[in-house]
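Please open the model in your viewer and keep the selection panel at hand. The tour below goes from stop to stop, saying what to select and what is found there.

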Amino acid sequence: MTRIREVVRAARPADPEFAAALARRWAELPETARTPGQLLGRHAVGCEGTHGVFPQCDLACTPCYHSRDANQVRVDGPHTLAQVRAQMGLLRDQRGPRAHAQLIGGEVTLLDPDDHAAALAIMRAHGREPMSFTHGDIDYDYLEMLVLGPGGRPRLRRVSFAAHFDSLMFGRRGLPRPPDEASLNPYRQAFAAMFARLRREHGVRYFLAHSMTVTPANLGQVAGVVRDCRVMGYGMFSFQPAAFVGDQRRWHEDYRDVTGDQVWTQIERGAGTTLDYRVFEHGDVRCNRAAYGFWAGDRWYPFLDGSDPGDLAVRDAFFRYFGPVNFTGTPAGLLAVRIALIAARHPRVITLAAAWAARALRRVGLRRLLARRVRPVSYVMHQFMDAVDVTPAWELMQRGQASTDPRIRATQERLAACHYAMAHPEDGTLVPACVQHCVLDPQENRDLRVLLPLPQVPRRRAGQPGAPVRGRRAGALGAGNAGFAAESDAGPGPGHGRPAAGRRRGSTGGAGWAAGAGACAATALRAWPAALGLWLANRLLDGLDGPVARAGTPTDAGGFLDIVADFSVYAGIILGLAIAVPGARLACVALLTAYYISGTAFLALSSLAERRRQRLGDERSLRFVGGLAEGTETIAVYILLFLLPQHATAIVWAFTAAVAVTAVQRVHNGLRLLRAPRPAEPGGIPRRWPTPKASATAPLPLRVRNPRHNGARELPCPAR
Ligand code: SF4
């Protein structure tokens with residue numbers, strides 16, 4: 001009898017607790033969000049996400065949604081599991097027995113696979129359908145270790161991943177600085193292929209979502225991503241116009257120039273049709289837009305056509321009869337029983353469904369349906385809000401006040417209808433994800449830095465036994481910063497960059513400068529052979545100064561003196577020439593002017609570039625590369641001057657032209673570099689720290705690299 005009662009309870013179409021949670025959710029919605037297509041309160045309570053569980057990420061994005069301290073927090077399995085349990089517990093208490101939840105924070109695959117699997121199990125135990133968020137630069141090994149338990153038997157029968165791919169991310173293996181979105185397509189494909197293999201080899205079902213941030217830089221490429229990636233295996237594509245919610249070091253003002261309308265237009269362009277985002281809504285349409293449908297061959301069709309009253313009647317019937325049914329995560333047999341029970345109780349749904357099927361058949365065409373593979377693919381746009389609006393809006397909401405400022409008021413409306421919640425078990429509150437990122441994350445991550453400090457690892461020289469292996473991230477530092485080169489001791493010149501720090505001016509440096517000063521004096525005195533000898537001695541001693549400095553302890557003061565000494569000699573020789581050859585004075589003034597502009601461009605850029613790179617934590621000095629007149633050319637031209645002083649005027653004018661071209665090159669390249677997204681930082685490219693299971697002082701082990709939601713039957717979370 002008890003068994004029969006259990007079966008009857010399980011087969012109930014709707015869980016009364018979930019139905020009550022939906023009713024509460026509807027009651028909480030602001031009037032502006034109670035639209036005919038609103039899913040919240042009718043079929044879903046909204047999406048949920050974790051926070052403060054593993055803030056770190058090992059790629060770098062511009063913009064970045066993480067606060068600046070995020071990468072200073074150690075990834076810690078026990079902390080993650082404890083937090084996931086507490087946060088899911090509160091969500092279960094306040095939002096009812098089921099929802100979609102995202103295992104998100106930093107990069108989920110920095111978790112040990114066992115911890116990752118345990119976190120997913122905790123989420124499922126709390127009625128949450130979990131989706132893991134990753135940057136997608138992972139290995140199949142990690143996925144296998146995630147889904148297979150001890151003994152090699154699958155411990156996860158279904159996984160959901162959201163992979164973030166876009167050309168604003170830096171440090172991906174094989175493509176540290178993607179030139180455009182299309183160049184990432186092989187990586188998108190490879191990521192999806194791993195899950196096909198996982199299903200083939202281990203029978204693990206999966207749902208994949210693709211997420212992408214949109215700025216003015218890649219807005220025009222959104223349509224291409226939609227078009228090119230439609231058959232890769234992703235069930236959802238989510239696009240997020242950039243919003244300032246994270247690290248201000250990775251924020252550019254013009255990111256705000258992209259609007260939700262623009263992004264949606266581009267998605268429509270890629271899909272080749274208009275996408276009606278009012279059929280189903282998630283909260284406020286200023287935050288979220290979604291279109292659910294399928295590709296049949298090269299054409300996308302909506303499941304429900306918003307312009308067809310018959311289809312809208314199907315939607316309304318779905319809300320009415322199937323709203324509280326849990327589609328995701330319900331075994332297929334049980335789900336079939338529930339649907340049959342509802343159909344038996346409300347026969348109208350059968351006629352509605354049959355009419356809908358006939359309409360869909362007409363729209364697509366029987367031939368196309370039979371000849372082309374049908375792939376359900378949904379499109380989503382989620383637009384986070386800027387901290388500059390969220391912070392005051394939330395403060396007022398905390399005091400129960402509505403803003404009189406229309407912009408802040410609109411923000412409050414969106415926050416009130418937020419469908420993406422995060423839990424704070426410490427005070428029993430739920431907050432919108434925008435508030436979490438904009439208002440709470442910075443302090444939370446500062447606290448976590450103290451709670452979970454990064455391990456102190458003894459520094460070892462490269463090549464020494466036990467030296468940390470810079471695994472796949474090495475490329476992010478090298479190839480990822482093609483505009484800059486590591487320190488070089490090739491002869492510097494005024495048309496040439498020079499290491500500005502990390503040098504120790506050695507004894508050879510002082511002698512070198514003395515020789516250079518002598519060359520200046522000899523030039524003024526027309527002692528050309530002496531000037532030539534002293535100039536060569538200056539260059540030789542300067543060349544020796546680098547190795548001598550590195551043999552000791554390089555200092556910033558040494559680097560500073562070095563560059564001042566060099567520039568003084570370059571300019572001094574030209575001054576001497578102007579004294580010695582009156583006919584070349586105008587040319588000398590022109591050359592000094594060109595030096596001045598070129599040197600200013602170089603030094604200003606070096607300073608800015610150094611500031612952009614200082615968090616890399618490496619020990620390289622910067623040298624701005626590129627330019628017609630470099631160090632070697634300077635040496636050669638001065639030699640020519642000393643050998644052919646009678647042609648000094650022509651030589652100086654010719655070199656002036658070369659330095660002027662270098663100055664223009666330098667200004668042009670400098671603007672290009674400084675307008676480009678900032679290169680990766682330690683905030684974005686940390687070393688791969690060991691899990692807490694590892695000794696805090698042990699050499700860093702290489703860990704298996706790794707890695708969102710199933711149920712195309714249900715409408716998944718569109719956020720992120
Ligand atoms: S997180 Fe922000 S943008 Fe997203 S639904 Fe909530 S309020 Fe809107």
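Which residues have the most contacts inside the largest nonpolar core? Select Leu 208, Ile 267 and Val 390, which hold that place in a core of 106 residues; a nonpolar core here is a set of buried Ala, Val, Leu, Ile, Met, Phe, Trp, Tyr and Cys residues joined through C-beta atoms within 7 Å. Strand E7 (residues 205-214) gives this core its largest share, 6 residues.

Before going further, note that this is a predicted model, in which local features need pLDDT of at least 70 and side-chain atom pairs count only at pLDDT 80 or more, while totals for chains, interfaces and linings use all residues. Residues are numbered from 1 along each chain as its sequence is written.

Viewed as a whole, the protein has 22 helices and 17 strands, taken as DSSP runs numbered from the N terminus (helices are H or I, at least four residues; strands are E, at least two). Of its 720 residues, 47% count as buried, where buried requires 20 or more other C-beta atoms within 10 Å of a residue's own, exposed means 12 or fewer, and partly exposed lies in between, with C-beta atoms placed from the backbone.

Now centre on Val 390, which touches Met 385, Thr 411, Cys 434, Val 435, Cys 438 and Val 439, leaving aside residues up to four places away in sequence; contact means that the C-beta atoms, placed from the backbone, lie within 7 Å.

For the next stop, select helix H9 (residues 309-322) and helix H11 (residues 348-364), which pack at an angle of about 140 degrees with their axes 10 Å apart; the axes are lines fitted to C-alpha atoms over the stretch in contact, and angles run from 0 to 180 degrees between N-to-C directions. On the H9 side, show Gly 310, Asp 311, Ala 313, Val 314, Ala 317 and Tyr 321, which meet Arg 348, Val 349, Leu 352, Ala 355, Trp 356 and Arg 359 in H11. The residues of this contact divide into 8 nonpolar, 1 polar and 3 charged.

Is Pro 324 buried or exposed? Pro 324 counts as buried because it has 22 C-beta neighbours inside 10 Å. Its contacts, not counting residues up to four places away in sequence, are Ala 14, Asp 15, Phe 18, Ala 19 and Leu 22, and Pro 16, 308 residues apart from Pro 324 in sequence, is 8.4 Å apart in space, C-alpha to C-alpha.

Finish in the loop between helix H17 (507-524) and helix H18 (528-551), where Arg 526 lies. Arg 526 has a positive phi of about 60 degrees although it is not a glycine. With 14 C-beta neighbours inside 10 Å, Arg 526 counts as partly exposed. Ala 527 lies in the loop between H17 and H18 as well, and the C-alpha atoms of Ala 527 and Phe 642, 115 residues apart along the chain, are separated by 8.8 Å.

Conventions:
Two residues are in contact if their C-beta atoms, placed from the backbone, lie within 7 Å. Ala, Val, Leu, Ile, Met, Phe, Trp, Tyr, Cys and Pro count as nonpolar, Asp, Glu, Lys and Arg as charged, and the others, Gly among them, as polar.
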